[in-house]
Amino acid sequence: VKIWPALQDYPFFKRYSLPACCYNNLRVKFPDAPDSCLELLNKMLTFDPNKRATAVSSLQHCYFTDAPAPMEPQWMPTWREHRNEAENP
């Protein structure tokens, strides 16, 4: 309720018990993500719809203009496929 005060006004709010979580761990889940990516994710995953980023504002976020620039799939880096190495040495 702290992060979305209007939530308690919803008709079925009292029927559910939500876990308390006073932090997010996006930095832990995505340690290699740039700051602009984590900022955009935080804005898009905000519970309060009045504070959540809209689709238009998300598409205008600096994450989409920061380096590295988008590229065609054939120019993307590739890595050796290794998921079947144990079965197929």
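Modeller: The side chains of Glu39 and Lys43 form a salt bridge, with 3.7 Å from N to O. This is a predicted model, and the distance is computed from it.

Biologist: Why are Glu39 and Lys43 separated by about one helical turn?

Modeller: Because Glu39 and Lys43 are 4 residues apart in helix 2, about one helical turn separates them.

Biologist: Are Glu39 and Lys43 buried, partly exposed or exposed?

Modeller: Buried means under 20% relative accessible area and exposed means over 50%, so values in between count as partly exposed. Glu39 has 35% and is partly exposed. Lys43 has a relative accessibility of 37%, so Lys43 is partly exposed as well.

Biologist: How many salt bridges does the count come to?

Modeller: The count comes to 2 salt bridges. A pair counts when a side-chain nitrogen of Lys or Arg is within 4 Å of a carboxyl oxygen of Asp or Glu. Arg27 and Asp35 meet this rule with their side chains at 2.6 Å, N to O. Arg27 is partly exposed, at 43% relative accessible area, whereas Asp35 is exposed, at 56%.

Biologist: Which elements does the chain have, and in what order do they run?

Modeller: The chain has 3 helices and 0 strands. Read from the N terminus, the elements run α-α-α.

Biologist: What share of the residues counts as buried?

Modeller: Of the 89 residues in the chain, 13% count as buried. Leu40, which lies in helix 2, has a relative accessibility of 6% and therefore counts as buried.

Biologist: How do I compare separation along the chain with separation in space?

Modeller: Take the residue numbers for one and the C-alpha positions for the other. Leu40 and Ala53 are 13 residues apart in sequence, and their C-alpha atoms are 8.2 Å apart in space. For Pro49 and Ala6, the separation is 43 residues along the chain and 9.8 Å between C-alpha atoms.

Biologist: Where is Pro49 found, and is Pro49 buried, partly exposed or exposed?

Modeller: Pro49 is in the loop between helix 2 (35–44) and helix 3 (55–59). Its relative accessible area is 38%, so Pro49 is partly exposed.

Biologist: Which residues form the nonpolar patch on the surface?

Modeller: Phe12, Tyr16 and Leu18 form that patch, and together they have about 380 Å² of accessible area. A residue needs over 30% relative accessible area to be part of a patch. Phe12 has 45% and is partly exposed. In the chain, Phe12 belongs to the segment before helix 1 (26–29).

Biologist: How much space lies in the second largest pocket, and which residues line it?

Modeller: About 150 Å³ of space lies in the second largest pocket. Its lining consists of Pro34, Tyr63, Phe64, Thr65, Asp66, Ala67, Pro68, Ala69 and Pro70. By class, the lining has 7 nonpolar, 1 polar and 1 charged residues.

Biologist: What is the peptide bond from Ala67 to Pro68, cis or trans?

Modeller: To read this, look at the omega angle of the bond. The peptide bond from Ala67 to Pro68 is cis, with omega near 0°. Pro68 lies in the segment after helix 3, and both Ala67 and Pro68 are among the residues that line the second largest pocket.

Definitions and conventions. Residues are numbered from 1 along each chain as its sequence is written. This is a predicted model: local features need pLDDT of at least 70, side-chain atom pairs count only at pLDDT 80 or more; totals for chains, interfaces and linings use all residues. Side-chain values use heavy atoms; hydrogens and water are left out. On a 1 Å grid over the protein atoms alone, a cavity is a set of points where a 1.4 Å probe fits but cannot get out, and a pocket is an open set with protein on both sides within 12 Å along at least five of seven lines; lining residues have an atom within 4 Å of a point. Grid points are joined across faces, edges and corners, and a volume is the space filled by probe spheres set on the points. Ala, Val, Leu, Ile, Met, Phe, Trp, Tyr, Cys and Pro count as nonpolar, Asp, Glu, Lys and Arg as charged, and the others, Gly among them, as polar. Helices (H or I, at least four residues) and strands (E, at least two) are DSSP runs, numbered from the N terminus. Buried means under 20% relative accessible area, exposed over 50%, partly exposed in between (1.4 Å probe, protein chains only). Patches are made of residues with over 30% relative accessible area and no salt bridge: like charges are joined within 9 Å, nonpolar side chains (Val, Leu, Ile, Met, Phe, Trp, Tyr) within 5 Å. Accessible areas come from the Shrake-Rupley method with a 1.4 Å probe; for residues, only the protein chains shown count as cover.
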